[in-house]
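My entries follow in the order in which I went through them.

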Amino acid sequence: METVTVGCGSGASASRREKAIAVAREPAVEYLCCDRLAERTLANAAANMLAEPDRGYNPSLERWFRAVLPECVENGVRIIGSFGAANTSVASEQVIRIAEELGYDLNVATVLGDDVLDAVLEESVDLSHWQTGEPIDYDRRNIVDPSAPPLFAHAYLGADPIVEALDRRADIVITGRVADLSLFLAPLIYEFGWCNGDIDEIAGGATVGHLLECEAYATGGNLYEPGHVDIPEMDDIGFPIAEVGPSGEAVLTKPDGTGGIVSEFSLKNQLCHEILDPTAYESPDVTLDVTEVELDGIAEDQVHVSGAQGSPSPEDLKLLVGFDNGLFVEAGGSWAGPNSYEKAETCIERVIRPNVDRWEHSDQIFHGPRYDIVGVNSIHGPAVTTPDCDPNEAMVRVAAKIETEAAADDFADLVGNCVGMGGGAGAGGLVKQVRPNITIFPATIPRSHVDQSVELHRIVPRRTDS
Amino acid sequence: MKEIPVREVAFARSGDKGNISNVHVHPYRSDDYDLLIEQLTVDRVREAFDQLIDGPIERYVLPGTSSINFVMYGALGGGVIGRSLNRDIHGKSRGNLLMSMSIEVPEDYQPPTESPHVSEGNGQR
């Protein structure tokens, strides 16, 4: 029986268009599926939209579509992607404008309904925490202004509306917050006509989606480990492609001529990525058991994937609710040459800490401060010991969350002054960042409160007589 | 018996879901899976990660791919959703911390030397 080939065109908000083009040029590829969202990118997009109502969609949409769309049109590849981020309607308008300017005759579908802020604001729906099940108001005790309304609320939609869009002959499907793997599963459900009874087939398709949704993570990216794992042509790692059969089993590969690897080892590292209980990985379309998934290398850069099992998806959808929550501040500076580490440590202990302790707005610090020496303990913190060598460089970094913008700015100046003027000789490279801090609560929302819909726009090319 | 770092025997990658960290471990040779199952207990992993996490640790095994998945709750100082103060807000480097743990192996144990995608017998040379 026929197979369907889906390719990964993106696995992150800033995923590279060159990689998507290499996938779109593979003759077998029929769908280019693009995840452009993560928990934090959605928050950034929502903040952008609040600042300017015409923004809040994927920031690199314009250059991505101008480069990739011609390749997809030429090769008959349909595009599915969460380019909408927090502002799907405007994202679709942009894609339609670009396609019109390029003179294409296309159907563009817009998947709406993930934005449930109105329902949340009207308090017509009770939100409970995604994991603890506690009412969400209980969690808001850590918000600077507990009475402030949420900035955004987006539910994770599943494959259904994309399947509908494909059924209505969409060439491009623009979505907002759709679960990552559902973007890849949707064309498989559409092509194979899988329905509720085909739970293991859907689980197979969802596993394919999970393996593809982080782009190069499946093909040798984030995998090089000196002395143990080497990756060929790391400068040009190809994105994964899956040829899927009607049973949901698949062969994973990557575009000819690209670097990286597709191997049992590369794929097992993606199979476990960002899953919790591997017997019950929840998505809006299926609950996935990957514990018996088998990966069999059948040829160079070709791996057969089988053995996924499914059970019904959760009744409720996952939801992200974001709140404005003060400011995030980061400040510091660096030393180089012998004694750098000692200068950095002395600066923290003898200059910065005493100044922060007597700072007039210290009551506005609601998280932190955290004192780091970059290159030593800024990531693994107390789990690592101090170096037994004298590193050639050391950077002090102080991070905190502070209630008001004026105090946050003053805090960054205070730290910068301590490093630049008060600390060890030769301090330079001062850094200062003050950004809005958005706190997100993962919650659940009954499906009945999520009103998803698909809008289809037919582009008719303009004719010119000149 | 002798002690060697996990990184001689296995690779670990880590990711996040909110403030939850998942650290998954994959031996370079499936023959070493039992060794990891036996020694990478929840208690031992907690020793290595104790100062970084507030919540429980769960361990899951995936026999199909010879993998172990550790799920650590309250693990990322808020993570991306609470904007952790850590430079690595996703905890992408936590796998490396696990690879720095040590395990006991027989004196004559020889760690794998080849890149796993080369030695797996999947046609690559």
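This is a predicted model: local features need pLDDT of at least 70, side-chain atom pairs count only at pLDDT 80 or more; totals for chains, interfaces and linings use all residues.

I began with S4(B) and S5(B), which run antiparallel and are joined by six bridges. Within this pair I looked up one position, and found B:Leu62 standing opposite B:Ser67 of S5(B). Stepping back to the whole sheet, I noted four strands of chain B in the order S2-S3-S5-S4, an open arrangement with antiparallel pairing. S2 and S4 of chain B stand at the edges with a single partner strand each, so one side of each has no neighbour in the sheet. From one strand to the next I read an average twist of 20°.

Next I turned to the contact between the chains, to which chain B gives 52 residues and chain A gives 62 residues. Together the two chains bury about 5,000 Å², of which 55% lies on carbon and sulfur atoms.

For polar contacts between chain B and chain A, the count is 25 residue pairs, both residues being at pLDDT 80 or more.

Which elements of chain B supply two or more residues to the side that touches chain A? I found strands S2 (10-17), S3 (20-27), S4 (57-62) and S5 (67-72), along with helices H3 (79-82), H4 (94-99) and H5 (116-119), all of chain B. S2(B) provides the largest share of that side, six residues. Sorted by kind, the residues of the side of chain B that touches chain A are 18 nonpolar, 22 polar and 12 charged.

My last entry concerns chain A, where three strands form an open sheet in the order S10-S11-S14 with antiparallel pairing. Its edge strands are S10 (281-282) and S14 (309-311) of chain A, each of which pairs on one side only. Two bridges hold the antiparallel pairing of S10(A) with strand S11 (residues 287-289) of chain A, and in it A:Tyr281 stands opposite A:Leu288 of S11(A). Helix H9 (residues 199-212) of chain A packs on this sheet and touches S10, S11 and S14 of chain A, its direction making about 110° with that of S14(A).

Notes:
Residues are numbered from 1 along each chain as its sequence is written. Chains are lettered from A and ligands numbered from 1 in the order in which they are written. Side-chain values use heavy atoms; hydrogens and water are left out. Two strands pair if DSSP finds at least two bridges between them. Contact means heavy atoms within 4.5 Å. Axes are lines fitted to C-alpha atoms, for helices over the stretch in contact, and angles run from 0 to 180 degrees between N-to-C directions. Buried area is the accessible area (1.4 Å probe) that two parts lose on being put together, summed over both. A polar contact is a pair of N or O atoms within 3.5 Å; within protein, one must be able to donate a hydrogen and the other to accept it, and residues adjacent in sequence count only if both atoms are side-chain atoms. Ala, Val, Leu, Ile, Met, Phe, Trp, Tyr, Cys and Pro count as nonpolar, Asp, Glu, Lys and Arg as charged, and the others, Gly among them, as polar.
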